Amino acid sequence: MKDEEEQEEAVSVDAVSLREALRDVTDPEAGVNIVDMGLVYDVTFDPASRRASVTMTLTTPFCPAGNAMLDGVHRRLMRVPGVEDANVEVVFDPPWSPERISDAGRAILGW
Amino acid sequence: MVDPARYSPPFALVRAHFAAGVLGLATFAGLLLAHAAELGGHHFQKPHLLLVHVAALGWLMPVALGAMLQLVPVLFEAPLASWKIGAAASVLYAVGASGLVGHLGTLSVGWGLPLTAAMAAGAIWIHAAVLVLTVVRGRASGLTAAFVLAALAHLLFAVTLGFLLAWNLCAPYLPLSHLVVLRAHAHSAALGFFGMLVMGAGLRLMEMFLVSRGAPELPGWIAFGTLNAALVLLDASSLLGPWEAADGASAALAAVGIGAFAMQARLVFVRRVRRHADATWLLSGAGLAHLASAAGLGLALALGPAMPALRDRLVLAYGLVAIVGFAGSVVVGQLYKIVPFLVWLHRFAPLAGTARVPAASELLAERPKRVQAALMQSGIVLVAAGILNESAGLRTVGAGLFAASALAVAGNLWAIDRRKPFKEG
């Protein structure tokens, strides 16, 4: 019975729920979560391997909080029920730009 | 990608430098209040020498060294050449600088003066060697790197002249007036080191903390070129001259450089993603205003009529707005960004993704920082007005406000440093 529940929970993991979970990780300087900051480019979940993959960027390659945020993303993904492995890839092409910030993020930043 | 944890020295080392700097600020503020009535006359007097060196060596230098130990490895993407040698140099510096300030404050011109000056200067040379070794191993270039490297060059020139001056006070040997060497020493330290460092690091920190991207750098390079040319001219005129035309040209170049830097700062500021103006930007803006005032006073001193009484007051006000107004305001403002960020990185980053963690800016509310900034700025303006107006009352009230602001800085940074993670549930 328990195995069936876990199986069902694992199957229910999808990109949308993973992206939602990533809202718990915040850019420490901007004070905006990385999703609303526009740092998350792509989120996928492979049901067979139960592996979550995130492609994201940083506001700059010199971001001194970069590794801290990437570690935070990895830890958050691994806490999602049904995820057994997580991979976080950082890309700088296309580069991040302020246009990627969501309306909610802009409100926090005082736009 | 830059990983501060990989490149930077232990947090405790940087924190110790900042704590020493805050202690130096409190000491400076107490001495400013105690000597407020004596701020007048020629600049080469005991209270003035004491105050300038407590501010420069006790307050600003420890913060600058701590910031460079943290910033240079991140900026140049290379591990610090040796943080242990840096730490040992800091201990030597603390002993030497304390002794030097004590000797200057009492104008004790025995051999203890050049001995302590040699210790402080030697420690700074060691620090500079560690930082230069770090830089040559790194790969960054650009405007901030140029400013930081120039700042280190001016620092070495300033401390060498400082040591020679201390030796000369003990056993006179200089073939030229110590006052002209002092002029080169003071400008190399204030505008050459603190100015270049604050400008170079400030531009980078502005980009980082305001999340500002894509600002063109031409005004910054113009500022870099003209300010360095101004300093070289002034040093040459002081040590090889005097050349009156060079003094005027130097002051004019410095004014152009400061204007160009203000334009560069504006270019970064208008591209910011973070729109809220916080205490750091209020203090940095105030610092820029003080720098513009210093440029105006410098031009007046270089080109204006030589009325000794007025000149003495202008020189003191010039020193105050350049060192305390410009460098001091920007340094305190940046501490409000750097300290929360370091505390976040070392205490909260390991919790990211597992618990709710505050942003760096949430480690202390904005109001206490703004109150501190208001106290500091009103204090500096009143002391400057009291110097120009020869009003001991104004200077004392201003020094009192500044002392209150120094205590507020200590309280604010202590509160940030003690901040604990949220309790769950």
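**Entry 1. B:Phe326**

I began with B:Phe326, which lies in helix H11 of chain B. The model I am reading is a predicted one. I then looked up what B:Phe326 touches, setting aside residues up to four places away in sequence, and noted B:Gly287, B:His290, B:Leu291, B:Ala294 and B:Val321. For B:His290 I also took the distance: the C-alpha atoms of B:Phe326 and B:His290 are 5.1 Å apart, although 36 residues separate the two in sequence.

**Entry 2. The nonpolar core**

I next turned to the largest nonpolar core and recorded 184 residues in it. The residues with the most contacts inside this core are B:Ala55, B:Leu60, B:Ala120, B:Leu320 and B:Phe402. Which helix gives this core its largest share? I found that H11(B) does, with 24 residues. As general background, I note that nonpolar side chains in soluble globular proteins tend to be buried together.

I followed up one of the residues with the most contacts, B:Ala120. Not counting residues up to four places away in sequence, B:Ala120 touches B:Leu57, B:Tyr93, B:Gly96, B:Ala97 and B:Leu100.

**Entry 3. Helix pairs in chain B**

I looked up H7 (residues 178-210) and H8 (residues 218-240) of chain B and found that their axes come within 9 Å and cross at roughly 170 degrees. H7(B) and H8(B) are therefore roughly antiparallel to each other, since the limit for that term is an angle over 145 degrees. Among the residues that meet are B:Val180, B:His187, B:Leu191 and B:Leu203 on the H7(B) side, and B:Ala223, B:Leu227, B:Asp235 and B:Leu239 on the H8(B) side. I sorted the residues of this contact into 11 nonpolar, 6 polar and 2 charged.

The second pair I examined was H3 (residues 46-76) and H6 (residues 143-170) of chain B, whose axes come within 11 Å and cross at roughly 140 degrees. That angle makes H3(B) oblique to H6(B). The crossing of H3(B) past H6(B) is left-handed. I listed the residues that make the contact as B:Val72, B:Leu75 and B:Phe76 from H3(B), with B:Thr144, B:Ala145 and B:Val148 from H6(B). Of these residues, 5 are nonpolar, 1 is polar and none is charged.

**Entry 4. Chain A as a whole**

For chain A I counted 4 helices and 3 strands, in the order α-α-β-β-α-β-α from the N terminus. Its C-alpha atoms fill a box of roughly 50 × 25 × 20 Å along the principal axes. Chain A has 111 residues, of which 40% are buried. I also checked the contacts in chain A between residues at least 6 apart in sequence, and 65% of them join residues at least 24 apart.

I took A:Ser53, in strand S2 (residues 51-56) of chain A, as a case to inspect. With 18 C-beta neighbours inside 10 Å, A:Ser53 counts as partly exposed. Leaving aside neighbours within four places in sequence, A:Ser53 is in contact with A:Thr44 and A:Asn87.

**Entry 5. Backbone geometry**

Most residues other than glycine have a negative phi, and most peptide bonds are trans. I therefore recorded the departures from this.

- A:Asp93 and A:Pro94 are joined by a cis peptide bond, with omega about 5 degrees; A:Pro94 sits in the loop between strand S3 (85-90) and helix H4 (103-109) of chain A.
- A:Arg50 is not a glycine, yet its phi is positive at about 55 degrees. It lies in the loop between strand S1 (40-46) and S2 of chain A, and is partly exposed, with 16 other C-beta atoms within 10 Å.
- B:Leu107 has a positive phi near 50 degrees. It is found in the loop between helix H4 (83-106) and helix H5 (112-137) of chain B, and counts as partly exposed, with 13 C-beta neighbours inside 10 Å.

**Entry 6. Where the chains meet**

Last, I looked up how many residues each chain gives to the contact: 24 come from chain B and 32 from chain A. On the chain B side, helix H1 (4-7) and helix H11 (308-348) each supply at least two residues. The largest share of that side, 3 residues, comes from H11(B). I divided the chain B side into 15 nonpolar, 4 polar and 5 charged residues.

Key. Residues numbered from 1 in each chain as written. Chains lettered and ligands numbered in written order. Predicted model: local features only at pLDDT ≥ 70, side-chain atom pairs only at ≥ 80, totals over all residues. Contact = placed C-beta atoms within 7 Å. Nonpolar A, V, L, I, M, F, W, Y, C, P; charged D, E, K, R; others polar. Core = buried A, V, L, I, M, F, W, Y, C linked by C-beta atoms within 7 Å. Buried ≥ 20, exposed ≤ 12 C-beta atoms within 10 Å, placed from the backbone. Axes fitted to C-alpha atoms, helices over the stretch in contact; angles between N-to-C directions. Parallel < 35°, antiparallel > 145°, perpendicular 65-115°, else oblique. Left-handed = near helix turned anticlockwise from the far one by under 90°.
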